[in-house]
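Work through the exercises below with the sequence and the model at hand. Each task is followed by a solution in steps.

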Amino acid sequence: MHEVEADIVVAGAGVAGSAAAAFLARAGRKVAVVEARAIHLAGPRWVNYVPPWMFAEAGIDRPIEPELLARDFPLTAVSATGKGRIHIPKNPAHAVDMRRLIARLHAMAEQAGARFFGQTRIDSLEFDGDRPAILIAQERVPGQPERTLRLRARAFADATGLHGALLRRHRELSALCPPVARRDICTAAQEVRRVAAAEGALRFLDEHGVKPSGSLAFMGVAGGFSTLSVQVDANLGTVDLLAGGAGDGPSGRELLRDFIRRQPWIGELESGGAAAIPLRHPHVFLAAPGLFLLGDTACQVFSAHGSGVGMALIAARTLADALAGHDDPGSPAAAFDYSRSFHRRWSGVLAAMDIFRRAAQGLTGEELARLMESGLVTPRGMTANLDQRPVPPTPADLWRFTGALLRGRGPPARFLRALARAPLAGRVMSHPPAANSHAAWNRFARRVEKVSGETAEG
């Protein structure tokens, strides 16, 4: 048995876990990281779109080439019926190679002293009273005998995504944070493929009024929360495809497969990946003494379009900053400071946008087209949404929207009723308890449930 002593053990070496390991190790904490896959294969292996301000907020350098793949490119969103069309001259989010970002975060963490253990299987989480104290895992490195790891720490962080490898082993926190419902899980897929026929690619772009290097996003391709985007590079060498669906609709992989089958100009696969992403407001209970939830495990996702990378970086920074004033990183006070800090700064906008996501998810393709035509969805609003910093509609936006409603071209009433709860949900979620008591947190959970329409936590 191999004994490991640490201040904090992080489960998961993806974006949230490796960023947390880097920030905590830089702050002088002794950090160990366990990961189910080989370390160099951890985390997302695809292209993702991240607003640059989120890197700055997390306190890490913005990506540069070759990690940065594209920036400032135009985006055209089209409804499935073709009736709704919105053009954005400059997408505020940058295309980032997640493989290189993960490698950079791993290097940051290791240089600060964090230790990584790859290809591990978590067997158990042992407790000292109500606090986790020891993680038992099996390390299986090819060509070496399997060995048992016994990792003792004062605190643990779960960044294993929807799997919740540590969360589901914590009886109290697991009961407070039930598994995400199937209807609230996005199945996304992204691929970079060769362009097999440049003439075919140009004809496709011409048909939709888009130029090479511009991004074309088909909204509501399978109704509600479903999208497929296509971006051919300026040299007509590759095409970047991204698709996502939720609930009982087709998965991102299925949407991609169907689209590629119908486009003979799309050639061989170069890279890509798929993931299941939670679409809901962050868990009310983000921590318990000795255990912190990060990233997808905590549902810290901008669910309007299923983006979690930037918020994972910010959550990792929030955790490191919250623990800075605590000698014991697993104390109840440390758990409270992390939860309260994240909720006050970030959960409000995430909760408000999840109301919008759930309202839009219930729309048909035709209803979504009406929404895009109504005036409620504007280039300004969509740009802010892509930047993950939504802004309220202007009086001019509301005037156009009202006119569309009067002409019978607006979204259905059920969408409007749901959307009306968004500002209140944001306000409630951004005001967590000022005192750390079970009664206060349970009251907070009930308030969140009431305004969001979700099942209570706690």
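The model contains 23 salt bridges, each being a side-chain nitrogen of Lys or Arg within 4 Å of a carboxyl oxygen of Asp or Glu. This is a predicted model, in which local features need pLDDT of at least 70, side-chain atom pairs count only at pLDDT 80 or more, and totals for chains, interfaces and linings use all residues. Residues are numbered from 1 along each chain as its sequence is written, and side-chain values use heavy atoms, with hydrogens and water left out.

**Exercise 1.** Find the residue that forms a salt bridge with Asp184, and state whether Asp184 is buried or exposed.

Step 1. The partner is Arg183, with the closest N and O atoms 3.7 Å apart.

Step 2. Asp184 is buried at 4% relative accessibility, whereas Arg183 is partly exposed at 48% (buried: under 20% relative accessible area; exposed: over 50%; partly exposed: in between; 1.4 Å probe, protein chains only).

Step 3. Both belong to a network of salt bridges that also links Asp354, Arg357 and Arg358.

**Exercise 2.** Locate the two residues of the salt bridge between Glu270 and Arg194.

Step 1. Their side chains meet at 3.0 Å, N to O.

Step 2. Glu270 lies in strand β16 and Arg194 in strand β12, 76 residues apart (strands: DSSP runs of E, at least two residues; helices: H or I, at least four; numbered from the N terminus).

**Exercise 3.** Determine which residues of α6 are buried.

Step 1. In α6 (residues 252-261) they are Gly252, Leu255, Leu256, Phe259 and Ile260.

Step 2. These residues are on the same side of α6, because they cover an arc of only 125° around the axis, taken from the directions from the helix axis to the C-beta atoms.

Step 3. Arg257 and Arg261, on the other side, are exposed.
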